[in-house]
Amino acid sequence: MASNEDRLFDDDLYVLKPGEYYATSDNGILGTVTGSSVVVCLYDREKGIGGMCHFIVPGTIGTKGILFDDIARSGVTNMELLMGEIVKLGGDRRQLKAKVYGSGEVGVEDSRIGDILKGNLQFIEQYFKIEKIQIEEQDLGGTSRKKIVFEPKTGVVREEEISPEDAALFDRL
C-alpha cells in the first residue's frame, strides 16, 4: 500500500492495490483504481470508522455458494480481515454499511473474463446477504476503469471513470 507523501489531500491518502485492505478511525482517505476487480468500502457511520478492500474472485462460484467454494475464498478472507480490523477499531459489525464498485469488462485479456465477472457478482450478492450488511451504493460492470476515493469517517465515496493512461499511473505506485 502506498501513502500520500506529496500532500495532494489535506488528510493522509492510502492507495490500495488488489489483494489489500485497510481500516481506520482517522481522517485518512483511501483510494484505488478498479477494473474487473471489486472494491468494497465498508463503514460504521455512527462511530466514524471504516475501511476499503480490493480483491478479485478468480472464477465462477459453484452451486454450494461462497461458504463452500475455493474460488470464493479470497473474497471471504479479504472481507473478514477488513471487518475484523473495523471491529478492533471499535466499529459495530451490526451497523456496517457497504458501497461496492468494479467488476467491469476491463483488465483481463483472456476468455476467463466472463467467469471472473460472474464470480465477482455472485460473491457480492451472496456475501452481503449472508452477513446482513446493507449495500447503500453500487456501481458494478461497465467497460471503464474507475478511480475510487473513500472517506472512511463519513462514508463518502467519489467515483470517476479514468483513461487507460491514467490507470497505468496507478500501476507504477
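## Exercises on a predicted model

Gln 122 has its place in helix 2, where helices (H or I, at least four residues) and strands (E, at least two) are DSSP runs numbered from the N terminus. The model is predicted, so local features need pLDDT of at least 70 and side-chain atom pairs count only at pLDDT 80 or more, while totals for chains, interfaces and linings use all residues. Residues are numbered from 1 along each chain as its sequence is written, and side-chain values use heavy atoms, with hydrogens and water left out.

**Exercise 1.** Decide whether Gln 122 is buried or exposed, and find which residues Gln 122 is in contact with beyond its neighbours within four places in sequence.

*Solution.* Begin with the cut-offs: buried means under 20% relative accessible area, exposed means over 50%, and partly exposed lies in between (1.4 Å probe, protein chains only). Gln 122 has a relative accessibility of 19%, so this residue counts as buried. Next, take contact to mean heavy atoms within 4.5 Å; once neighbours within four places in sequence are left aside, Gln 122 is in contact with Thr 60 and Ile 61.

**Exercise 2.** Describe the order of helices and strands in the protein chain.

*Solution.* The protein chain has three helices and ten strands, and reading along the sequence gives the pattern β-β-β-β-β-β-α-β-α-β-β-β-α. Of the contacts in the chain with a separation of 6 or more, 67% are between residues 24 or more positions apart.

**Exercise 3.** Work out why the pair of Phe 55 and Phe 123 is edge-to-face, and then follow the ring pairs to the other members of the cluster.

*Solution.* Rings of Phe, Tyr and Trp (its six-membered ring) pair if their centres lie within 6.5 Å, and planes under 30 degrees apart count as stacked, over 60 as edge-to-face and the rest as tilted. The structure holds five aromatic pairs. In one of them, the ring centres of Phe 55 and Phe 123 are 5.4 Å apart and the planes stand at 80 degrees, so the pair is edge-to-face. This pair links distant parts of the chain, since Phe 55 lies in strand 6 (residues 49-55) and Phe 123 in helix 2 (residues 113-131), 68 residues apart. Tyr 127 and Phe 128 also form an edge-to-face pair, with 5.4 Å centre to centre and 85 degrees between the planes. Ring pairs link Phe 55, Phe 123, Tyr 127 and Phe 128 into a cluster. As for burial, both Phe 55 and Phe 123 are buried, Tyr 127 is buried at 2% relative accessibility, and Phe 128 is buried with a relative accessible area of 3%.

**Exercise 4.** Identify which residues have the most contacts inside the largest nonpolar core, and which element supplies its largest share.

*Solution.* A nonpolar core is a set of buried Ala, Val, Leu, Ile, Met, Phe, Trp, Tyr and Cys residues joined through side-chain atoms within 4.5 Å. The largest core has 24 residues, and those with the most contacts inside it are Val 40, Leu 42, Phe 55, Met 79, Phe 123 and Phe 128. Strand 5 (38-44), strand 6, helix 1, strand 7 (97-102) and helix 2 each supply at least two residues of this core, and the largest share, five residues, comes from helix 1. A second, separate core of eleven residues includes Leu 16, Met 52, Tyr 101 and Val 157.
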